[in-house]
Every structure is written in structure tokens, then in C-alpha cells.
Amino acid sequence: MILAKLLDKIYGSNDGIILIDSTGQKYICGSPRKDKPITLKILRENLKWKLILNPELEFPEAYMRNEIEIINGSMKDFLFCLIKCLGRRELNSTSFFSKKLYQVWRYITNFNFPGNSKKNAEHHYDVGGEKGEKLYDIFLDKDYRQYSCAYWKKDTKTLEEAQKNKIEHIIKKLDIKKNQKILDIGCGWGGLAFEIAKKTGCEVTGISLSTNQTNYCKKKSKKLGLENQVNFELKDYREILGKYDRIVSVGFGEHIGIKFYKTFFKKINEILKKDGIFLLHMIGVVDAPSPPNQFINKYIFPGGVCPSLSQLINPIEKTGLIVSDTETLIRHYDKTLESWLERFLEKKNLVKDLFDERFVKMWEFYLSSCAAAFKYRDLAVFQLQIVKNFDTTRPTRDYIYS
């Protein structure tokens with residue numbers, strides 16, 4: 001069985017699983033543990049070749065259709081074991097060729113114009129209408145409802161602490177002064193905007209393409225008594241007018257689209273004051289430019305892409321902006337995703353009641369696979385501090401860490 005041989009080659013002597021095909025035939029792949037080895041059971045004959053041709057999409061879809069079972073472990077256990085052994089290599093040449101074809105097709109067909117961008121945002125953040133709000137309550141931190149990479153210091157113990165660390169780290173990098181105007185592009189559920197307003201007393205505007213997020217933020221601002229200081233709008237970044245002293249964007253850059261990076265950074269240059277600072281926090285890949293994940297694009301974030309650093313720097317340079325500081329957050333998002341996954345699975349019955357079992361499996365795979373990719377593969381988070389002139393930022397990083 002070719003699939004068994006492929007898995008045996010990937011695992012080698014480092015780890016392994018038992019593979020059971022649709023006829024009940026068992027195969028030892030690599031060096032599985034003797035006591036209750038992780039076992040992958042495929043229940044349809046055609047998966048023997050589908051999982052070789054395009055595993056990135058066929059495996060999760062088969063799992064969602066209940067055509068795959070994992071015994072003596074969870075989806076997270078299986079993926080962590082596999083991706084750890086695979087590292088940053090491709091599964092096989094066929095899979096690599098399939099991904100390259102997808103990369104070309106995506107580049108030709110994907111255009112994140114305003115209408116498409118709104119549909120893409122609604123697909124994820126407004127999933128299930130009002131039920132979607134309950135979904136995010138289930139697994140996000142209770143304090144700030146942050147749906148982006150947290151910041152885990154050595155002594156950080158909880159997701160809530162880690163998200164607080166992240167917000168404080170970003171606020172320090174923005175180096176906000178009294179009475180400045182702040183813009184949060186892709187404000188999510190408002191946690192960062194609220195905290196900036198409370199800590200600095202500045203006026204903050206947040207924009208989002210999600211109706212759920214915008215409505216939630218407006219209600220929360222009234223509850224916090226900040227409605228006169230923090231304003232939220234359902235708006236595309238291309239529609240922004242005026243000038244801002246500080247601009248921040250956390251977890252939005254992945255939704256811009258490669259063709260529109262220059263458009264985005266031109267808009268930043270247009271609305272950022274001469275002595276302003278822009279902080280971009282987004283997922284990227286540490287390798288050369290690569291295609292977006294097919295499963296993620298189809299089911300989770302349509303239109304999304306995680307760029308390499310080179311794909312970001314080139315359009316920034318062409319707009320005349322200056323990258324004044326670059327930080328790559330490694331081994332932060334895997335911990336964040338594991339925390340989300342644990343909370344999600346603890347209340348999977350509630351998620352099943354809100355949606356269905358297929359949705360539960362889809363999101364279990366989404367959170368597990370992303371955690372594995374951040375821990376063992378090529379994903380990281382880039383924080384770029386961007387300015388318009390050399391005199392804007394301080395000469396050292398002391399102000400961030402003091």
C-alpha cells in the first residue's frame with residue numbers, strides 16, 4: 001500500500017502509527033509506541049489514493065464525512081506527531097505539484113475587492129448569524145475576546161494573561177501620546193480598541209467588515225461607558241478618510257490578498273500623519289512564498305493568505321513607508337491555538353447544538369492543524385512597526401520593555 005509506505009518514510013524511527021485500511025488490513029508505519037499506538041483507520045477504499053494526491057484537502061474532508069477514525073488519540077495527537085516528523089518538507093512530490101497548481105489558480109482567480117472582502121469576512125466572523133457570537137464566547141479569552149496570537153512570557157500561565165501581554169506589548173510599540181487619534185483596522189471584537197482608550201484616554205476608531213463584530217463592539221462600548229471615546233464602523237479599509245496619529249492592525253493583514261498589498265499600504269501612507277506610527281501584526285510564513293492552505297481557504301478563511309516577509313516588504317518600499325522595527329513571534333501562536341482548541345473541545349456538545357457534528361470536526365481540524373503548523377512547520381507572526389520618517393520612533397527598544 002503506497003500510503004503506508006509514504007507514512008513509514010515520514011515517521012522513520014522517530015515515531016509512528018498503525019494504519020488500518022478499509023478491508024481491515026493493518027500496516028505498521030514508522031515506530032509506533034507499543035502501548036496503545038495512535039491508529040489511523042480509513043473507512044473508504046478510494047482514500048488510499050486520494051490521501052496521496054491531495055492530502056491537504058482530502059484528509060480533513062474525509063474526517064468531516066466520518067470516513068476516517070483516529071484511535072488511541074485525538075486529531076491534535078495525530079497531527080502533532082505527523083507534522084513534527086514531517087517538519088517543513090512536503091508530504092510527497094504529487095502533493096507538492098497539486099499545491100503549486102492551486103497556487104497558480106488562486107493567484108488568477110482571487111480578487112479581494114470590497115464586495116468579496118465583505119463576503120469573506122462574513123463567512124467566518126458572522127458564521128451562523130447571531131449563533132456565531134456564542135461560538136467565539138466558547139473558546140476566546142474572557143477579558144478581551146482576542147481572536148489573534150497571544151504573547152506568552154516565561155511566567156504566563158493562562159490565555160487571559162497571554163492576551164493581556166499581547167495588548168500591552170502592542171500599545172507600547174505604538175508609543176501613544178496624549179490626545180492622539182487612533183485607528184484600529186480589523187478591530188475584531190474590540191478588546192484592543194477598548195484597552196487603548198482606557199489606558200491612554202485617546203479617541204479610537206475601529207473598523208470591521210463583520211456585522212456581528214461591529215454590533216458587539218457598539219454594545220460593549222456602551223456597557224463600558226466608552227461610547228463617546230470609541231467609535232466602531234462597518235467599513236472597508238479603502239473607504240477610510242482623515243488622518244491618524246497611530247494606526248494598528250491585528251489579524252487583518254491575512255485578509256488583504258497579495259494583489260492588494262500595495263493598495264493597502266498606499267492607504268496607510270495616505271491616512272497616517274507625518275509623525276505617525278503604524279503597527280501591523282499578522283500571520284506569515286518563514287519560507288519562500290507558498291500557496292495558501294486549500295482546506296483553510298475553502299472552509300475557514302476564503303480569500304485569506306499568509307505571506308512571506310518578502311511579499312510584504314516589497315509593496316511597503318514602493319509606497320515610501322519605512323519599516324522601523326520588525327519582530328517575529330515564534331512559539332506563541334501554537335500555544336494560543338492549543339488553548340482555544342482545549343476550550344472548544346470542552347464545550348463541543350454546545351457547539352454541536354449550535355451547528356452540527358460536521359462543524360465540530362471541521363473546527364477541531366482547523367485549530368489542531370494550525371497549532372501543528374505553528375509549532376513544527378512554517379508559520380509565525382510578524383509585527384512590523386512602520387513610519388514615514390526617521391525621526392518618529394525612538395533609537396532603542398527600551399521604551400517597549402521598560
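Buried means under 20% relative accessible area, exposed over 50%, and partly exposed in between, using a 1.4 Å probe and protein chains only. The views below show a predicted model, in which local features need pLDDT of at least 70, side-chain atom pairs count only at pLDDT 80 or more, and totals for chains, interfaces and linings use all residues. Residues are numbered from 1 along each chain as its sequence is written, and side-chain values use heavy atoms, with hydrogens and water left out.

**View 1. Helix H10 and the elements that cover it.**
Helices (H or I, at least four residues) and strands (E, at least two) are DSSP runs, numbered from the N terminus. Helix H10 takes in residues 211-224, which makes 14 residues. From its first C-alpha to its last, H10 reaches 20 Å, close to the 20 Å expected at 1.5 Å a residue; the expected span is 1.5 Å times one less than the number of residues. Which residues of H10 are buried? They are Asn212, Gln213, Thr214, Tyr216, Cys217 and Ser221. Their cover includes helices H6 (114-125), H7 (131-139) and H9 (191-200), together with strands S6 (203-208) and S7 (230-234). Here, as in the other views, contact means heavy atoms within 4.5 Å.

Helix H4 covers residues 75-86, and its 12 residues should span 16 Å at 1.5 Å a residue; the end C-alpha atoms are 16 Å apart, which agrees. Because 9 of these 12 residues are buried, H4 is largely enclosed by the rest of the structure. The buried ones are Met75, Phe78, Leu79, Phe80, Cys81, Leu82, Ile83, Cys85 and Leu86. A handy rule for looking at any such view: an α-helix has 3.6 residues a turn, so residues three or four places apart point the same way. Asparagine 72 has a positive phi of about 65° although it is not a glycine, and at 34% relative accessibility it counts as partly exposed. Just after H4 comes glycine 87, with a positive phi of about 65°.

**View 2. Helix H4 beside helix H16.**
The axes of H4 and H16 (residues 357-376) come within 9 Å and cross at roughly 30°. Axes are lines fitted to C-alpha atoms, for helices over the stretch in contact, and angles run from 0 to 180 degrees between N-to-C directions. The two helices are therefore roughly parallel to each other; angles under 35 degrees count as roughly parallel, over 145 as roughly antiparallel, 65 to 115 as roughly perpendicular and the rest as oblique. From H4, the contact uses Met75, Lys76, Leu79, Phe80, Ile83 and Lys84, while H16 brings Glu364, Phe365, Ser368, Ser369, Ala371, Ala372, Lys375 and Tyr376. Sorted by class, this contact has 8 nonpolar, 2 polar and 4 charged residues. For these classes, Ala, Val, Leu, Ile, Met, Phe, Trp, Tyr, Cys and Pro count as nonpolar, Asp, Glu, Lys and Arg as charged, and the others, Gly among them, as polar.

**View 3. A closer look at serine 368.**
Serine 368 has its place in helix H16. Is serine 368 buried or exposed? At 0% relative accessibility, it counts as buried. Leaving aside neighbours within four places in sequence, serine 368 is in contact with Met75, Lys76, Leu79, Phe80 and Leu341.

**View 4. Helix H1 packed against helix H4.**
Helix H1 (residues 2-11) and H4 pack at an angle of about 70°, with their axes 8 Å apart. That makes H1 roughly perpendicular to H4. On the H1 side, Leu7, Ile10 and Tyr11 meet Phe78, Cys81, Leu82, Cys85 and Leu86 of H4. This contact has 8 nonpolar, no polar and no charged residues.

**View 5. Lysine 166 in helix H8.**
Find lysine 166 in helix H8 (residues 159-174). With a relative accessible area of 1%, lysine 166 is buried. Not counting residues up to four places away in sequence, lysine 166 touches Gln146, Ser148, Cys149, Ala150, Tyr151, Val250 and His281.

Tryptophan 152 is in the loop between H7 and H8, and it is buried, with a relative accessible area of 13%. Its C-alpha atom is separated by 8.5 Å from that of arginine 331, 179 residues apart along the chain.
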